[in-house]
Amino acid sequence: MATAAPSAASRIAVVTGASSGIGAATARRLASAGYRVVLTARRKDRIEALAEEINATGGQATAYALDVTDRTAVDEFASAFKKIGVLVNNAGGALGADPVATGDPADWRQMYETNVIGTLNLTQALLPALTASGDGTIVIVSSTAGHGTYEGGGGYVAAKHGAHVLAETLRLEIVGTPVRVIEIAPGMVKTDEFALTRFSGDAERAAKVYEGVAEPLTADDVADTITWTVTRPSHVNIDLLVVRPRAQASNTKVHRETR
């Protein structure tokens with residue numbers, strides 16, 4: 001199915017967490033689809049390099065260093081836009097895999113601040129510009145963790161449940177306005193940083209997450225899914241799209257090949 005080209009009034013797409021993984025892949029995909037992408041993340045050097053890459057290949061990209069949990073900085077960022085077409089709330093991540101009994105409250109707090117409050121900050125700040133475009137789309141990248149629990153995932157699961165509920169509630173509250181709310185819930189995605197960050201740089205432990213899984217999802221798989229939902233005709237809202245690798249039936253059921 002061919003994708004619909006973005007209209008002139010809704011050609012700007014803001015992508016949070018664009019310095020790596022799903023965010024960077026989404027920025028590339030949206031730029032290829034004709035959007036002028038605004039890349040945000042804390043790591044300025046990463047997003048500037050990505051913007052250069054996109055511009056060098058015929059796309060349009062701008063980098064803006066931003067911490068989504070800093071509301072003052074978010075409001076200043078948002079003030080530059082009168083109209084935008086797309087907001088991809090991708091910034092997030094997991095920290096630790098301890099049980100509830102021994103989990104670090106600081107990790108839980110950081111996950112909630114990034115995955116939920118960060119999403120809230122950008123959504124509130126940019127909602128007027130999305131509405132003014134006459135054809136806005138908000139994408140919230142949650143996780144299958146937001147739809148089912150698993151041992152050792154309490155803090156991340158709680159945060160992603162929060163992101164899911166934010167999307168679901170917002171959709172109810174703004175129905176009738178020209179803004180769609182889409183939730184993408186990826187399952188097992190193998191990126192360079194997700195598991196490594198979760199396990200504080202322990203490469204061996206991070207590798208075990210994907211051990212024996214022939215083909216976990218890639219960041220580009222998820223970016224392709226996001227871009228497909230965004231480029232549907234304006235009257236089509238993909239409320240929730242769960243995407244997993246074929247080898248994963250649930251958060252706790254994964255086929256692992258043995259040698």
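# Chatting through the sheet, cores and rings

Colleague: Quick one to start: what does A185 stand opposite in strand 7?

Modeller: A185 has V242 across from it in strand 7. Helices (H or I, at least four residues) and strands (E, at least two) are DSSP runs numbered from the N terminus. Bear in mind that this is a predicted model, where local features need pLDDT of at least 70, side-chain atom pairs count only at pLDDT 80 or more, and totals for chains, interfaces and linings use all residues. Residues are numbered from 1 along each chain as its sequence is written, and side-chain values use heavy atoms, with hydrogens and water left out.

Colleague: Thanks! And what is the bridge partner of E183 in strand 7?

Modeller: That one is L240. Strand 6 (residues 179–186) and strand 7 run parallel and are joined by four bridges. Two strands count as paired if DSSP finds at least two bridges between them.

Colleague: In what order do the strands form the sheet?

Modeller: The order is 3-2-1-4-5-6-7, an open sheet of seven strands with parallel pairing. Strand 3 (60–65) and strand 7 (240–243) are at the edges with a single partner strand each, so one side of each has no neighbour in the sheet. From one strand to the next, the twist averages 15°. For angles, axes are lines fitted to C-alpha atoms, for helices over the stretch in contact, and the values run from 0 to 180 degrees between N-to-C directions.

Colleague: Which residues are on the covered face of strand 7, and which on the uncovered one?

Modeller: L241 and V243 are on the covered face, while L240 and V242 are on the uncovered one.

Colleague: How about strand 4, are its faces covered or uncovered?

Modeller: Both are covered: V86 and V88 on one side, L87 and N89 on the other, all of them buried. Buried means under 20% relative accessible area, exposed over 50%, and partly exposed in between, with a 1.4 Å probe and protein chains only. Strand 4 (86–89) is joined to strand 1 (residues 12–15) by three bridges, with A13 partnered by V86. Four bridges join strand 4 to strand 5, where L87 has I138 as its bridge partner.

Colleague: Which strands does helix 8 lie across?

Modeller: Helix 8 (residues 219–230) lies across strand 4, strand 5 (136–141), strand 6 and strand 7, at about 160° to strand 6. Helix 2 (residues 44–56) lies across strand 2 (36–41) and strand 3, at about 175° to strand 3.

Colleague: Switching to packing: which residues touch the most other members in the largest nonpolar core?

Modeller: L30, V37, L39, V88, V139, I184 and I226, out of 34 residues. A nonpolar core is a set of buried Ala, Val, Leu, Ile, Met, Phe, Trp, Tyr and Cys residues joined through side-chain atoms within 4.5 Å. The largest share, six residues, comes from helix 1 (residues 21–32). There is also a second, separate core of 27 residues, including V116, A167, V179 and V181.

Colleague: What is I184 in contact with?

Modeller: Leaving aside neighbours within four places in sequence, the contacts of I184 include V139, V141, V222, I226, L241 and V243. Contact means heavy atoms within 4.5 Å.

Colleague: Now the rings. How many aromatic pairs are there?

Modeller: Two. Rings of Phe, Tyr and Trp (its six-membered ring) pair if their centres lie within 6.5 Å; planes under 30 degrees apart are stacked, over 60 edge-to-face, and the rest tilted. Y64 and F77 make a tilted pair, 4.7 Å centre to centre with 55° between the planes. Y64 is in strand 3 and F77 in helix 3 (residues 71–78), so the pair ties together parts 13 residues apart in sequence. F77 and F81 have ring centres 5.2 Å apart and planes at 65°, so that pair is edge-to-face. Y64, F77 and F81 form one aromatic cluster.

Colleague: Is Y64 buried, partly exposed or exposed?

Modeller: Partly exposed, at 31% relative accessibility. F77 is buried at 1%, and F81 is buried at 17%.

Colleague: Last topic, helix 5: what span should its 20 residues have?

Modeller: Helix 5 (residues 154–173) should span 28 Å, and its end C-alpha atoms are 28 Å apart, which agrees. The expected span is 1.5 Å times one less than the number of residues. Its buried residues include Y156, H164 and R171, and what covers the buried residues includes helix 4 (105–132), strand 5, strand 6 and helix 6 (194–198).
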